[in-house]
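These are my notebook entries on a chain that I looked through by sequence and structure together. I wrote down each look-up in the order in which I made it.

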Amino acid sequence: MTEPREIAERLLDAQVEYIVGEVSGDRFAEVVARDVDAVLGVADTIVFRDVVSIDEAKRTVGNIIDLIGGSPVLRDVVGVFADSIYDNIAANNEYTLGDVVEREPVEQLLEQIFGMHQAQERILERLTESPLIATVASKFVDKLISDFMESNRQMAGKIPGVGSLVNLGTSAAKQARKAAERATGDGTFLGEMAGKGAQFALKRTNNAIREMLRDAPVHDAAMEFWDLHAGEPVSGLRDYLSQQELRELALIIYQIALTTREKEYFGLLVDECVDVFFTKYGDLTLAAMLPELGLSGQDIGNEILRYGPAVIEQAKRNGVLSKLVRERLEPFFLSESTLAILADA
């Protein structure tokens, strides 16, 4: 009579062979389709809110952002990706910028930006409140007038008799400027006077700037600028910045994102997003959420079949698959209760 343990081991071998066969070859596709349908059938009976609490979801999302956002892999590849994009993707001459980005959404974006009157007014108001505006305006006006005087002097030099007259005026202006420099102790003259009234002048010009943004053909000019570039190859974008500049920009943006996610306020934003998600989707079943995410059972099955067979075949060839299945089943088949059943059979 065959011993119970021997029978159990033979049953274990048969079970391992059956499971390996289920996930191998042509049978695998049938099993995936069957099991995905079964899982979705169960998911259609489970309401999302009943199995996932808001607090758990907030902790999970926070952990994902914390772990992935600060992972060494992401940190290391930011610069590498920037270099690769610059060397390979951005060097493409086959596609134009217009092929990559449609004109209509660009126009809508510009319309939205130029239509944000509240933001424009607030920015203008805050700029005029800055103590540095006067200094910037002072240096700008000083440079502008100095260049204008020099340009006039060079043009006048080409006309007989006028050059001497302009040189006399320029000399007088320089003398006055030197006197102002001795009095004020700095290097500005007309710019100094302009700087004192810069904030007042900027406030007075706010209305003019608003009207220009609203009424002048700023939008048309921006779209004309876009159209000029839309027909150029994507590689033309590299004229705007060097590879090193792109790399540094990517690293700075990554650093901003990295440090922002550590702030308490960012956590509040994440929590609010989770609350909104639960309000909108919390009462749906797990299966009903898939279409909302743009997925279907067929999509899930296709992705499993895309990667699963290669992984399973490799695990099958090196014996890892059979070993794992056996390790999971052996405790049951060789348990005392199973052997007792086989002994009574």
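I began with Lys 323 and Glu 327, whose side chains meet in a salt bridge at 2.6 Å, N to O; I call a pair a salt bridge when a side-chain nitrogen of Lys or Arg lies within 4 Å of a carboxyl oxygen of Asp or Glu. Because Lys 323 and Glu 327 are 4 residues apart in helix H18, about one helical turn separates them. I took the helices (H or I, at least four residues) and strands (E, at least two) from DSSP runs, numbered from the N terminus.

Before going on I noted that this is a predicted model, in which local features need pLDDT of at least 70 and side-chain atom pairs count only at pLDDT 80 or more, while totals for chains, interfaces and linings use all residues. I also noted that residues are numbered from 1 along each chain as its sequence is written, and that side-chain values use heavy atoms, with hydrogens and water left out.

I then looked up what else Glu 327 pairs with, and found a salt bridge with Arg 328, where the closest N and O atoms are 3.7 Å apart. Glu 327 is partly exposed at 37% relative accessibility, whereas Arg 328 is exposed, at 61%; here buried means under 20% relative accessible area, exposed over 50%, and partly exposed in between, with a 1.4 Å probe and protein chains only. Elsewhere, salt bridges that share partners join Glu 22, Arg 27, Glu 30, Arg 34 and Asp 35 into one network.

Within that list I checked Arg 34 and Glu 22, whose side chains meet in a salt bridge at 3.4 Å, N to O. This pair links distant parts of the chain, with Arg 34 in helix H2 and Glu 22 in helix H1, 12 residues apart. A search of the whole structure gave me 15 salt bridges.

My next entry concerns the largest nonpolar core, which has 12 residues, among them Leu 12, Val 16, Phe 28, Ile 312 and Phe 333; such a core is a set of buried Ala, Val, Leu, Ile, Met, Phe, Trp, Tyr and Cys residues joined through side-chain atoms within 4.5 Å. The elements that give two or more residues to this core are helices H1 (4–22), H2 (25–43), H17 (297–317) and H18 (320–333), and the largest share, 4 residues, comes from H18. In soluble globular proteins, nonpolar side chains tend to be buried together.

Lys 58 and Asp 271 are 213 residues apart in sequence, yet 5.8 Å apart in space, C-alpha to C-alpha.

Last, I noted the totals: the chain has 19 helices and 0 strands, and of its 345 residues 23% count as buried.
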